[in-house]
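Biologist: Please show me the model, and then I will ask what stands behind each label.

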Amino acid sequence: MEEILSSNSPQSMFTWIDYTVFSGMLGLSVAIGVYFGFFGPKQDNKEVYILGGKDMNVLPVATSLVASQISGISLLAIPADTYLFGLNYIWIVLVCPIVCLLSAYLYLPVFFNLQLTSIYEYFNLRFNRSIRVLSSFLYTITVFVYCPLITYIPSLAFSQVSGINVHYITPVVCAICIFYTTIGGLKAVVWTDAFQFIGIIISVIAVFVLGIMAAGGSDKTWEIAGEGKRLELSFSLDPTLRDSFWSVAIGGLFNYMPFFTLNQGSMQKYQSLPTFQDTKKAIILYCFGYMSLASITILTGCVIYANYWNCDPLSSDQIQQPDQLVAYLLMDVAKNIPAIPGIFIAGVFSASLSSLSANLNTISSTIYEDFISPFMPTQTTEKTASHILKLIVVVAGVISIGLIFLYERLGSVFPIFVAFQGVANGPLLALFTMGILCPFVNSKGALLGGVSGLLFAGWITIGHQWYTSKGVFDTHAKPVSIQGCNFTVNQTISSNNPFEEPFVLYRLSIWYISLLGTVVCAIVAMVVSLVTKNDEKQLNLNLFSPLVHKFVPINPEEIKTKL
């Protein structure tokens, strides 16, 4: 038993009630997967497994969209980021309505009309297979960066409150998620998300309210947060400033558009609805749900500061990583309240499992459609395809479990998540946008643009992360204090940094990485397209946004399909 308990974890605050709540959440998730895998509609063809038979209802799809976006990163890493760096991430809440409007009127009409199993099949129709493979590769990068993070963070929180070593938690919980995703398909993913959404709401509100009460009430909380500079909002135009209105709002728009809409996971859920009007309703509910939960999680960082303004848990070595701050607060404010720790951890795992299951389901369809299907015999049956999809889910899940152990050495994961997501998201956004809005962009331009954007954004990200690991950059962290700690704190004084000031692009805010990748991809693609001969096949009107139909040279015999 001693080896199961983490060497640096506190004594468990979990009671049998907490374990019952947590186990019940996992058990019900498995039960939903078993139902759809063995008793619901048969998962023996691609349309049922990937698109849920296209008869899903608006409310569960909308809640699934929110639940899959509010992951453990949102519940644990974002409050920690606010605690350390202040409230400027709140501007992302303003980005969400813009993303949803662009999705509803620019991108979704095209993709819903085409009804593609893989969203990246669009590039095969619009350009050629090379662009499709490139875009699928970019998406695969984002999934394998994202999945280990969303599993590791809640496991860290569970370890913090239960005392169980994180190495034992992650494989077990991931295995459960892999199981119900594999056998249940999209229907299991959507309905477990809808169920887990309840746990997410309860956990978010519980920590927020209990934290405010522990700090002395609402007025006292915001007064302390203001004095500690956590409520300061920056409108500086300095692009090297970590967070500001301009970096989060502009950079966040370019980073989150592919994350929220232009990815296989979200598009699968939109296309599982019967009509395009249902899709618009789902987007509206999704927007309001995400904005509400995101606002609470961001403000929770201020609540944490109000409780520890004079005894920082990180500087005083009470915790080892910023992502443990929320769990640390929970241990203080809810240790004597039955079931609350169990509900919180269940909610955190609900958020992460919903994101993990959605990504596993979608990566299976992407890998099968874009990398395996072209090499399959023409007589391959739907049942065989379904078995291959399930096998891909298992393999992808196992890889994600293995990658989890690499993140233990990375410190706070939120900036890493933003940076590495931006590497792939920038070129993806440019390719999708040029595809539906720029008829003159050809396959040569798209391919060179996509590769250029990926290499450029990757170069900046690697350089930025390397210098960050060496402590070169000013983190712009807000002040903390250990004057109120009622124990002796051993402080170490860091030596002067031996590095010269890095190249200016390495010093840019991580929020601009996706923007730079988008711009480089678009410029290269447009220039190459204009100077090369357009040898494309006849363009199909349905591949473009209605906004540019009059500029598209089409076959006169083509009949436009209406939504």
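Modeller: One definition to begin with: rings of Phe, Tyr and Trp pair if their centres lie within 6.5 Å. The model is predicted. In this model, ring pairs link Phe111, Tyr120, Tyr122, Phe123, Phe127 and Phe432 into a cluster.

Biologist: How many aromatic pairs does the structure hold?

Modeller: There are 22 aromatic pairs.

Biologist: Why is the pair of tyrosine 89 and tryptophan 511 called stacked?

Modeller: The ring centres of tyrosine 89 and tryptophan 511 are 5.6 Å apart and their planes stand at 25 degrees. The distance is within 6.5 Å and the angle is under 30 degrees, so the pair counts as stacked.

Biologist: Which parts of the chain does that pair tie together?

Modeller: Tyrosine 89 is in the loop between α4 (72-85) and α5 (92-114), and tryptophan 511 is in the loop between α17 (443-469) and α18. The two parts are 422 residues apart in sequence. Tyrosine 89 and tryptophan 511 are both buried.

Biologist: What makes tyrosine 122 and phenylalanine 123 an edge-to-face pair?

Modeller: Their planes are 75 degrees apart, with 5.7 Å from centre to centre.

Biologist: Now the charged side chains. How many salt bridges does a search of the whole structure find?

Modeller: The search finds three salt bridges.

Biologist: How do you know that arginine 242 forms a salt bridge with aspartate 81?

Modeller: The closest N and O atoms of arginine 242 and aspartate 81 are 2.6 Å apart. The cut-off is 4 Å, so the pair qualifies. Arginine 242 belongs to the loop between α9 and α10 and aspartate 81 to helix α4, so the pair ties together parts that are 161 residues apart in sequence. Both arginine 242 and aspartate 81 are buried.

Biologist: What makes Asp81, Arg242 and Asp243 a network?

Modeller: Salt bridges link Asp81, Arg242 and Asp243. Besides its bridge to aspartate 81, arginine 242 forms one with aspartate 243, where the closest N and O atoms are 2.5 Å apart. Aspartate 243 is buried, as is arginine 242.

Biologist: Why does the pair of glutamate 232 and lysine 478 count as a salt bridge?

Modeller: The N to O distance between glutamate 232 and lysine 478 is 3.3 Å, which is within 4 Å, so the pair meets the criterion. Glutamate 232 is in the loop between α9 and α10, and lysine 478 is in the loop between α17 and α18, 246 residues apart.

Biologist: Are glutamate 232 and lysine 478 buried or partly exposed?

Modeller: Glutamate 232 has a relative accessible area of 38%, and because this value falls between 20% and 50%, the residue is partly exposed. Lysine 478 has 17%, which is under 20%, so lysine 478 is buried.

Biologist: Which ring does arginine 242 lie over?

Modeller: Arginine 242 lies over the face of phenylalanine 85, at 3.7 Å from the ring centre. Arginine 230 lies over the face of tyrosine 83, at 5.5 Å from the ring centre.

Biologist: Why is serine 234 called buried?

Modeller: Serine 234 has 17% relative accessibility, and the limit is 20%, so the residue counts as buried. Serine 234 is in the loop between α9 (218-227) and α10 (245-260). Leaving aside neighbours within four places in sequence, its contacts include Asn88, Trp91 and Asp243.

Biologist: What is noted about phi of lysine 229 and of aspartate 317?

Modeller: Phi of lysine 229 is near 65 degrees, a positive value in a residue other than glycine. Phi of aspartate 317 is near 60 degrees, again positive in a residue other than glycine. Lysine 229 is in the loop between α9 and α10, and aspartate 317 is in the loop between α12 (276-308) and α13 (325-333).

Biologist: Why is aspartate 317 called exposed, and why is lysine 229 called partly exposed?

Modeller: Aspartate 317 has 52% relative accessibility, which is over 50%, so aspartate 317 counts as exposed. Lysine 229 has 41%, between 20% and 50%, so lysine 229 counts as partly exposed.

Note on methods:
Residues are numbered from 1 along each chain as its sequence is written. This is a predicted model: local features need pLDDT of at least 70, side-chain atom pairs count only at pLDDT 80 or more; totals for chains, interfaces and linings use all residues. Side-chain values use heavy atoms; hydrogens and water are left out. Helices (H or I, at least four residues) and strands (E, at least two) are DSSP runs, numbered from the N terminus. Buried means under 20% relative accessible area, exposed over 50%, partly exposed in between (1.4 Å probe, protein chains only). Contact means heavy atoms within 4.5 Å. Rings of Phe, Tyr and Trp (its six-membered ring) pair if their centres lie within 6.5 Å; planes under 30 degrees apart count as stacked, over 60 as edge-to-face and the rest as tilted. A charge sits over a ring if NZ of Lys or CZ of Arg is within 6 Å of the ring centre and within 35 degrees of the ring normal.
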